[in-house]
Amino acid sequence: MSTKPTAQHCHLTGLLHILEYPRVSRGNMPGEQGERKMKTVAYFCAEFGINESLPFYAGGLGILAGDHVKAANDLGLPLVGVSLLYRQGYFQQHISPDGNQVALCPKYNPEDLPLEPVLNDLGEPVLVEVALANRVITVMAWCARVGTVPVYFLDADIKENQPADRRLTDHLYPGEPAVRLKQEILLGIGGVRLLRKLGFEPDAWHLNEGHVAFLILERIREYSAQGIPFHAALEAVRASTVFTTHTPVSAGHDSYCFALLDHYLGDYFWQLGASREEILALGQVGSQFNLTRLAYRVSFKVNGVSKLHADVTRQLFHHWTPDLPWQEIAVESVTNGIHTQTWLAPEMKELYDRTLLPSWEAQISSAATWEPVRAISDGEFWETHQRVKACLLERLSLPGHLAQVLVVGFARRFATYKRATLLLHDLERLDRLVNHPAHPVCLIFAGKAHPSDGLGQEFLRRVIEVSRMDRFRERIFFVENYNMSNSKPLVQGVDLWLNTPIKPMEACGTSGQKAAVNGVINCSVLDGWWDEGYNGANGWAIPSAVGSSQAEQDLMERESLYSLLENEIAPLYYRHGETALPHEWIEKMKESICSLAPVFNTNRMVVEYWEKLYRPAAARGLQFTENNCVLARCVADYKQFIRKNWHQVQFEAVECSGEQVQSSIRLGPVWHKDVLVELVGQNNLGGIWRERLEHSGLNPAGVHIYRGKLPGDLEKTPQADIRIRIVPISPNFVSEFEMELATWSRL
Ligand SMILES: *Cc1c(COP(=O)(O)O)cnc(C)c1O
């Protein structure tokens, strides 16, 4: 192996900083007095899928959170997770004899789960109180230790609460808005209070999805209680807060009418040192209080979970700040990964242990680590995959003869945009595909539909109905109650992993990444992570069609998928040489592992979070809060001054001769060095170009003159589409768009 520095070596520099961090001590709960102050990243998420025995997740978001904390532990990153303990978890799915989903909600006793109650020095539960409407809810916490990383689950089902309040945290993602809001208040506000009671002083706060955004308000309240004015507190909180958004559709973002907030938080607002209106404005979208808006507004950095998703998010958030081109909305991307050791089949791990370098798990993000996979003999490689496949068939009670058949897996939440039924629309063609005499195909489906998602349940009913038809009985299967226990054998043991989202609604998707590391080949629409992962040789891309209607798009994409399966995928799978091995298929499996495993894992992801978000947020948080928040106060005062006077920033005239541009601008009391004046246009690639105009004097009438030149290569931007923009700037801003203010003029 070469010794020249690899990406992994570069990452190690980052890791050294991580290791310099004081570690959370193992198995020793800090006392309630919180003597020891720990420096930590606080990671809040409404769901965590840590392992099979902790049923507090609904799908990808929770699994990602679980994998995130496992990677943080591997890397020695001092992270602490915070969530809610749902006494009835998500639901268990049962399929009734007539083919409908029945949601069962067994009650869990936390004492039977791998959790420890969080106790104080006297051995009593540490309790945290949160006021909701006119009463106080008390919560205790349970801790799951993921190595050195504690994850705390708040639990309202304790004797201190009234019977109705004890049911508040029963269900994950309750359909009723008031219950959901109450849960989110408990999690955001109660979570911060718990961390404080345990002595944590996080220096970066990560909001994993908008559900947890109320933690922002509680942190503002903390500063307010120390006498820091509201606007300064807001800047202080913002400096150390980062937000990951996961939902590319507005309807998926929790938002509540103001009356509901007034009802539950009316008595809390005044404790933040601001008026009700100022607080509601933080999350205001129309007449609703939107948690994603709150999180976006009060975060130092915001990221989407794939490159494509970051773009989609910019467009989605654009309607909040129509004055800024969507391309300039500040959303970064950190593409999701998976915790490889969690999802890797034991047989494959054993193969890697034998054939990769002994340190492969520590060097998982280096492409070189995986290269030896190509040299594994096809016989040994295929035999290992077949053992994993046999294991899947046995564990899910599927017919053993499927071992010789191309098995395709489709398992995920039955959210309708994922289109589980895409292949089921043309039953004749499906019949020909799955019952092909020379290359038959078997489809295995699994997934839960949210109990309040009627259409999702309809999709599920259809899958089950088709799977029960005589001609599909031995070819199409539905596996009940998709969860971590059966998702593992599925992603490990099928031959092909299928994903058919409506682009661009799959923010990232991670199940295909789990499949990839096991040598299972992906076939997917180029959405989410697959848009980055697909390289032409490591799987298949279902061509996306932009139809005039959804039905038309579905039709075209389904036709492409049928053809791909019939003409390329199945024939390749059954193309055996004289050795009885599908060499070309195996080559693709190896290419898939080598190209995807080093990238789409949580080690790479958490290091990226560390470098792009956590470390900068921690540094900025410190900078803003030092010396009694002097910088936060300064930035807040500056912003208030600008906001108050911005209406005086106006264009007086714009003149253009040849490529010379001159603009006369009134700034009122705003200093000319506090604004940036630019020409702005769209380039022909859909991006934005900007060209600065320089301040070149002040005329006697108090008008500032700015001069500049049109860029030379402008054929593609019609002059009518070029505009001049003034934005407020400051060396203390993250970007020129931090205040969401801009004044525009045409050329
Ligand atoms: C990985 C996983 C998911 C996420 O799957 P996607 O295809 O990314 O939506 C959901 N549920 C379970 C049980 C998983 O293991």
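Because the model is predicted, local features are reported only at pLDDT of at least 70 and side-chain atom pairs only at pLDDT 80 or more, whereas totals for chains, interfaces and linings use all residues. Residues are numbered from 1 along each chain as its sequence is written, and side-chain values use heavy atoms, with hydrogens and water left out.

**Helix pairs**

Helices (H or I, at least four residues) and strands (E, at least two) are DSSP runs numbered from the N terminus. Axes are lines fitted to C-alpha atoms, for helices over the stretch in contact, and the angles between N-to-C directions run from 0 to 180 degrees.

| Helix pair | Axes come within | Crossing angle |
|---|---|---|
| α4 (residues 177-197) and α7 (residues 258-269) | 10 Å | roughly 25° |
| α6 (residues 230-239) and α8 (residues 276-283) | 12 Å | roughly 25° |
| α12 (residues 346-355) and α14 (residues 378-395) | 9 Å | roughly 155° |

Angles under 35 degrees count as roughly parallel, over 145 as roughly antiparallel, 65 to 115 as roughly perpendicular and the rest as oblique. The angle between α12 and α14 is roughly 155°, which makes α12 roughly antiparallel to α14. In this pair, Glu347, Met348, Glu350, Leu351 and Arg354 of α12 are in contact (heavy atoms within 4.5 Å) with Glu380, Phe381, Thr384, Arg387, Val388 and Cys391 of α14. The residues of this contact comprise 5 nonpolar, 1 polar and 5 charged, where Ala, Val, Leu, Ile, Met, Phe, Trp, Tyr, Cys and Pro count as nonpolar, Asp, Glu, Lys and Arg as charged, and the others, Gly among them, as polar.

Helices α4 and α7 are, by their angle, roughly parallel to each other, and α4 passes α7 in a right-handed crossing; a crossing is right-handed if the near helix is turned clockwise from the far one by less than a right angle, and left-handed if anticlockwise. Pro177, Ala178, Leu181, Lys182, Ile185, Ile189 and Arg193 in α4 meet Leu260, Leu261, Tyr264, Leu265 and Tyr268 in α7, a contact with 10 nonpolar, no polar and 2 charged residues.

Helices α6 and α8 are likewise roughly parallel to each other, with a right-handed crossing. Here Phe230, His231 and Leu234 of α6 meet Glu278, Ile279 and Leu282 of α8, and by class the contact has 4 nonpolar, 1 polar and 1 charged residues.

**Ligand site**

The ligand is surrounded by 14 residues, of which Lys418, Ser487, Thr510, Ser511 and Lys514 are the closest; a residue is counted if one of its heavy atoms lies within 4 Å. Polar contacts are pairs of N or O atoms within 3.5 Å. A polar side-chain atom of Ser511 lies 2.5 Å from an oxygen atom of the ligand, while for Thr510 a backbone N or O atom lies 2.7 Å from a ligand oxygen atom. An N or O atom in the side chain of Ser487 is 3.0 Å from an oxygen atom of the ligand.

**Backbone features**

Most residues other than glycine have a negative phi, and most peptide bonds are trans. Lys503 and Pro504 are joined by a cis peptide bond with omega of about 5°, and Pro504 lies in the loop between β19 (496-499) and α18 (511-517). Glu209, in the loop between β9 (204-208) and α5 (214-225), has a positive phi near 80°.

Key
Polar contact = N/O pair within 3.5 Å; in protein donor to acceptor, adjacent residues only side chain to side chain.
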